[in-house]
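Student: Could you walk me through this structure in plain words, one topic at a time?
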Amino acid sequence: MKIQGNELQIKGIVAHIDRDNIDTDQIIPTEYLKSIKKFGFEDYLFDGWRYLDGGRLGMKKNDRKINSDFILNNSPFDSATILLTRDNFGCGSSREHAVWALRDFGIKVVIASSFGDIFYNNCFKNNVLPIVLSKEDVDKIFNISEKEVVELSVSLDAKKIVFSDNVEFKFEVENNLLERIIYGLDDVDLTLKDKQIIIDFEQKRMLEKPWIYAND
Amino acid sequence: MPKTLYDKLWDEHHITTYNSGESLLYIDRQYLHEVTSPQAFEGLTKKGLLPWRLNANIATPDHNVPTERGSDFSMESIEDEISKIQVVELDKNCNKFGIKQFDITSLNQGIVHVIGPELGYTLPGMTIVCGDSHTSTHGAFGCLAMGIGTSEVEHVLATQSLKVSKLKNMQVVFNGTSSKGVTSKDIVLYLIGQIGTAGGNGHAIEFSGSYIENISMEARMTICNMAIEGGAKVGLVAPDKTTIDYVRKHSELSSEILDLAEQHWVSLKSDLNASFDKKIEIDVSKIRPQVTWGTSPEMVIDFDAIIPNPDSSSQDNKKNIELAKNYMGIEADQKLTDLKFDRVFIGSCTNSRIEDLREAANAVDGKKISINIIEAIVVPGSGLVKQQAESEGLDKIFKDAGFIWRDPGCSMCLGMNPDQLKPRERCASTSNRNFEGRQGNLGRTHLMSPVMAALTAINGTVSNPS
């Protein structure tokens, strides 16, 4: 098979944030949602925790008061590509900016024991892979990651996370979602390939449920 | 096989299921606002596409708009240059593509989830999407309504459909009558306290029971609005006489077409023996006024109960409680009733409808706000709500009590406009999220009902509303 999108192996350093229910307002605060662009959010990821001052859209990392206690401000975690966290990551608002901020920072994989539904969907549109592991498995990686720098390898096609010492964690993800990341597919193009089914459905609906179209 | 309401709505809008297992769902209505649409319009332009069905879309600016506008205000009057760009961009895109917009000068402008129903654009049985998680609000009309990301906004603009996997079914039955001073906001906060913010993940929640049957559309909207705070992107109430009366009052459709629609709408309910993957029954008569103490909507208790102590909590929860209490500036043995408040916000897509304003006004009539309160603001959900409230004299009651009466918008729910908390200010808020920094960097938010927030303005602390 021809790979047009991404590599099938993602390797990288794990940054851990030991919290449940990290909401999208923590991932990127509302101030930065004022951007009309789809890129350029890297300096605003986890803004409230990463800096000691309040920021504004357009300010850069170097203009800010850095919170040196926060993991992503410290080497080698500032170049992490894998984020490890707990329950219900990405709950709250539907802002896709949360995924854009993770992606722009360089995060390619987020491992958690569960995710907010809308955030989970948004990830696959932007080449970020959310991986659900059991609480026990998340605990195991946390236990190591809190003591030493962990490097993991994630195999997209084999659906497994591999530790350097060959400890493996299998994960589940729907193939159609995974394929979006592997091939970098665009949903609009895909759907419009067979637009006749939508036209047919709509024409039938116009006859059966005319009140939906009465304002048209 | 008996079907749930969600199953029926799914079936009615199901176009196809691909080999991958994913389904394509037809979308009847899309609401657009300035924050999550610019990148979607840009995507459409780059692909050289036009909106599939223009009139399926309704737009209004709400998140960024200042709420002290007065007369003669236009987009150009917005002082925050970055906010202005977003509002202007929405206007440009709506003009370019021909999408109906209620702009900042329109009487019909307001929070999308307030104006959709009140202008009759939300009809029972529709699929409704918006780049905003509180789209679940429209489920109060028996709509399959959900928040989506910007890529999906583009997909719906371009294809009038959404690629989704089917959710599981969850039923929440609220039976009984609520006590005096207890509102639908207290009921839904209580539920979130019980199931947690991930309790509804992967599910569509249908709310039913005698309590739901007896409450207004406004109260149902408050409950469905916060389904997402319990993890469920879809909240639902089956349409009944209350729903149909509301729609007939607000819709501009002819009575012939509404009669025809009604025949269909009455069939939109779960079959008697329909099976749900999760089921919860709650006796609402036992629920007392709820106020959040922490940084997640699930951190909620009776207004006079003891705030959880990390030392007596499970290991799992200990750290969450410690972090939240620390952020909120709550000392070890403090109760909610001990906390001194700085600001009060009555508004948001959860609680800015006429009924909410009536309840709050009733609670403050003839009283004055506490000298400890720096500012108490009332932000109606829409121009029409504002007009109605003013015709009933509610604005005067609020102003006489010391509140500031504002123009419609999302306002301090998320502080994208100038309405923000300063660091460490404590706010009694009728909004939906008490996340860290939600109302302003380092601000402290306590969620509660409009009555409770109104009384907090008067007393400076939370107190018994009954």
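**Strands, helices and the chain contact**

Tutor: In strand 5 of chain A, A:Ser153 is the bridge partner of A:Lys11; strands here are DSSP runs of E with at least two residues, helices are DSSP runs of H or I with at least four residues, and both are numbered from the N terminus. This is a predicted model, in which local features need pLDDT of at least 70 and side-chain atom pairs count only at pLDDT 80 or more, while totals for chains, interfaces and linings use all residues. Residues are numbered from 1 along each chain as its sequence is written, and chains are lettered from A and ligands numbered from 1 in the order in which they are written.

Student: In which sense do strand 1 and strand 5 of chain A pair?
Tutor: Strand 1 (residues 9–16) and strand 5 (residues 151–155) of chain A pair in the antiparallel sense, over five bridges; two strands pair if DSSP finds at least two bridges between them.

Student: And how many bridges join strand 1 to strand 2 of chain A?
Tutor: Three bridges join strand 1 of chain A to strand 2 (residues 82–84) of chain A, and these strands run parallel. Within strand 2 of chain A, A:Ile82 is the residue that A:Val14 stands opposite.

Student: Switching to chain B, what order do the strands of the open sheet have?
Tutor: The open sheet of five strands in chain B has the order 5-4-3-6-7, with parallel pairing. Its edge strands are strand 5 (100–101) and strand 7 (144–147) of chain B, each of which pairs on one side only.

Student: OK, helices now: at what angle do helix 12 and helix 15 of chain B pack?
Tutor: Helix 12 (residues 354–364) and helix 15 (residues 450–459) of chain B pack at an angle of about 30°, with their axes 8 Å apart. Axes are lines fitted to C-alpha atoms, for helices over the stretch in contact, and angles run from 0 to 180 degrees between N-to-C directions. That makes helix 12 of chain B roughly parallel to helix 15 of chain B, a term for angles under 35 degrees.

Student: Last topic: how many residues of chain B are in contact with chain A?
Tutor: On the chain B side 61 residues are in contact with 49 residues of chain A, where contact means that the C-beta atoms of two residues, placed from the backbone, lie within 7 Å.

Student: Which element of chain B gives the most to that side?
Tutor: Helix 5 of chain B gives the most to the side that touches chain A, with six residues.

Key: Angles under 35 degrees count as roughly parallel, over 145 as roughly antiparallel, 65 to 115 as roughly perpendicular and the rest as oblique.
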